[in-house]
Amino acid sequence: MSTTKKILIFGIGNPYRCDDAAGIKVVQEIAKQIDTSQIEVKWGSIDGVAILDEVVGYERVIFVDSVKTGKGKPGEIYKIKNASEDKTGSFTSHGIDFLMALRVGENFKLSMPRQIDIFAIEIKDNNSFSEECTEEVSKSIPELVQLIIAEIADQCL
Amino acid sequence: MYKEITIDPITRLEGHGKIDIFLDDKGDVAHACLQIPELRGYERFSIGRLAEEMPRITETICGVCPTTHHTCSGKALDDLYGVEPPPAAKKIRDFIYNTFMFEDHNLHFYFLGGPDFIVGPAAPKAERNVVGVIGKVGLEIGKKVIDIRKRSRNIIQTLGGRVVHPVHCLPGGVSKPMTKELQQEFKKTAEDAVEFAKFTLQAFDDIVLKNKAYVDLIVGDIYKHQTYYMGLVDDNNKINFYDGWIRVVDPEGKEFAKFKAQDYLDHIAEGVESWTYIKFPYLKNVGWKGFVDGKESGVYRVAPLGRLNASDGMATPLAQEHYQRFYDTLGGKPVHNTLATHWARLIEAMQAAENMVELVNDPEILDPNVRNMDFQTPTKGIGVIEAPRGTLFHHYETDDKGRLTKANLIVATVNNSAAINMSIEKAARGLIKGGKVDDGLLNMVEMAFRAYDPCFACATHTVDGRVPLEITIFDTEKKIVKSIKSH
């Protein structure tokens with residue numbers, strides 16, 4: 001899946017599991033507002049190895065996900081800055097040992113992104129079947145869309 | 001505004017497994033079981049939906065095998081609308097599907113189940129993962145794994161529209177034909193896939209079969225159950241992943257049943273237990289006798305070992321050579337040793353690669369006629385396919401406008417659910433004695449279920465070599481003795 005685009009924005013989640021779709025809804029909205037000839041926008045439920053497949057070849061990758069930290073309020077927005085530089089923990093997202101995926105890429109000397117950012121929204125309900133997010137999470141989606149567009153403003157507008 | 005957070009608090013594992021092991025007063029295992037989240041939500045959610053949405057809805061059940069759900073759903077729609085896809089459409093579907101099987105089976109060997117053998121079942125947990133595998137097989141081989149996987153996924157991306165959740169299957173065919181240019185590109189990938197499958201089988205031979213301790217582990221009694229087996233076969237009883245007859249053999253290897261997907265309810269029933277949401281399918285014409293093996297128990301197994309046992313052979317020549325060697329080495333048909341599933345999986349990867357070569361070189365695959373839209377009024381449609389981890393059924397019923405009134409999905413891991421529970425309990429009983437438990441022993445218990453390549457509700461395979469899993473050991477008073485989260 002070779003690409004000439006330098007940036008990938010990937011929404012992780014399940015479109016039918018209520019707030020689980022938050023990341024997908026964010027990137028779909030971003031795609032409407034930016035010039036996608038320069039930036040790849042994708043979404044889906046992916047596992048750790050697939051994450052490696054997705055990020056190789058891009059200079060910068062932004063994941064947008066939903067999280068249950070158990071400490072925040074639904075709708076709260078988080079950013080894990082430059083996750084690619086953090087080698088200490090065991091970040092799991094959708095059961096992904098994210099850092100292990102990055103370690104594998106580095107071990108294979110693959111063309112890994114220089115920067116990987118993860119944005120996430122604290123969610124309330126990812127068990128119900130619905131194509132709509134809860135009200136608290138829905139309210140935060142436009143804000144996160146604008147935050148991410150601001151992050152890549154010099155590269156997409 | 002956003003808040004910057006550290007990575008540790010983020011835990012949102014979905015579809016994780018939970019093994020509970022109950023000890024008796026001597027510290028031996030009295031009972032063990034696996035619980036996994038329910039999958040039935042999708043069936044209820046689908047009611048009232050237009051049937052043509054189902055291939056795109058059901059593939060989100062799972063982030064690991066979306067291609068399987070998508071294709072099975074497409075086949076159910078063919079049946080629902082009474083349309084036969086044109087030959088080129090079937091071949092394109094079959095080509096994409098074999099590519100997926102090849103890629104997924106290799107993923108399991110190198111990333112998920114393989115570390116137990118390549119690095120070692122008792123190796124420290126920190127090494128028993130894909131990075132440990134790289135250390136053993138070497139960087140160059142690791143690069144080969146990544147490369148062939150990437151090129152395989154490129155086929156799915158290109159022909160399927162998307163690799164994570166493909167969109168190519170439509171009732172009566174596929175969304176686009178194969179071009180000559182793509183055919184040329186994919187021929188090389190298919191040929192390289194065969195070479196890679198040869199390499200992997202040789203690696204299994206060198207690393208596993210030449211290691212007496214590993215062979216003893218595979219043929220040992222703690223990982224063995226005498227059950228019925230099920231899998232899809234062609235008219236010659238050779239393994240077919242995409243289509244054919246559902247064949248069942250008994251614990252002695254004799255054909256017990258052979259039927260089409262549309263008749264599955266005549267042969268399969270689903271039992272329930274009060275302690276779990278998951279159902280336990282069994283052979284209706286044998287009956288449910290609980291979590292026991294033998295000819296009198298309707299428990300059956302699917303997945304690579306089930307498919308090899310249920311067939312009379314592989315459909316391609318190189319895979320057939322290995323099939324023969326498999327049974328010669330392990331004492332003839334059927335093989336009841338659960339850990340032999342790892343070897344069976346690699347033999348299937350070889351067939352998938354050979355199928356890729358055959359299909360991509362078939363001149364008919366270039367025919368631009370890839371859709372039959374001579375639809376009949378919908379009532380009922382049933383599809384079946386072989387997922388990497390076993391037989392999958394999609395059953396839809398609709399009103400005359402094509403809106404779903406009923407959906408029944410029997411996914412691969414559910415077909416194996418009774419057997420997985422039996423395997424876990426047997427391994428736990430054989431390994432945990434006198435209350436002595438350590439990480440190495442618990443990994444060996446986990447190996448009993450990892451061989452099935454179980455796939456839970458949502459994208460839970462992890463790059464460090466396992467499905468997220470929590471093992472809890474209880475004493476006679478239900479107090480926790482030890483608890484391990486494998487992620």
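The model is predicted. Chain A holds 5 helices and 7 strands, while chain B is divided into domain 1 (13–23 + 431–487), domain 2 (84–223 + 337–373) and domain 3 (225–336).

**Chain A as a whole**

- Of the 157 residues in chain A, 57% are buried.
- Among the contacts in chain A with a separation of 6 or more, 80% are between residues 24 or more positions apart.

**Leu110(A)**

- Leu110(A) lies in the loop of chain A between α3 (98–107) and β7 (115–122).
- Because 18 C-beta neighbours fall inside 10 Å, Leu110(A) counts as partly exposed, the buried class being reached at 20 or more.

**A three-stranded sheet in chain B**

- An open sheet of 3 strands in chain B has the order β12-β13-β14, and its pairing is antiparallel.
- The edges are formed by β12 (380–387) and β14 (404–410) of chain B, each of which has a single partner strand, so one side of each is left without a neighbour in the sheet.
- From one strand to the next, the twist averages 10 degrees.
- Strand β13 (residues 390–398) of chain B is joined to β14(B) by 6 bridges, and the two strands run antiparallel; Glu397(B), for its part, has Lys406(B) in β14(B) as its bridge partner.
- Packed on this sheet is helix α3 (residues 66–80) of chain B, which touches β12 and β13 of chain B and whose direction makes about 150 degrees with that of β12(B).

**Domains 2 and 3 of chain B**

- The centres of domain 2 and domain 3 of chain B, taken over C-alpha atoms, are separated by 22 Å, and 21 residues of domain 2 are in contact with 20 residues of domain 3.
- On the side of domain 2 of chain B that touches domain 3, the elements giving two or more residues are α4 (87–112) and α12 (341–360) of chain B, and α12(B) provides the largest share, with 11 residues.
- By class, that side of domain 2 of chain B has 10 nonpolar, 6 polar and 5 charged residues.

Notes:
Residues numbered from 1 in each chain as written. Chains lettered and ligands numbered in written order. Predicted model: local features only at pLDDT ≥ 70, side-chain atom pairs only at ≥ 80, totals over all residues. Helix = DSSP H or I, 4+ residues; strand = E, 2+ residues; numbered from the N terminus. Buried ≥ 20, exposed ≤ 12 C-beta atoms within 10 Å, placed from the backbone. Pairing = 2+ DSSP bridges. Axes fitted to C-alpha atoms, helices over the stretch in contact; angles between N-to-C directions. Contact = placed C-beta atoms within 7 Å. Domains from an automatic or database assignment. Nonpolar A, V, L, I, M, F, W, Y, C, P; charged D, E, K, R; others polar.
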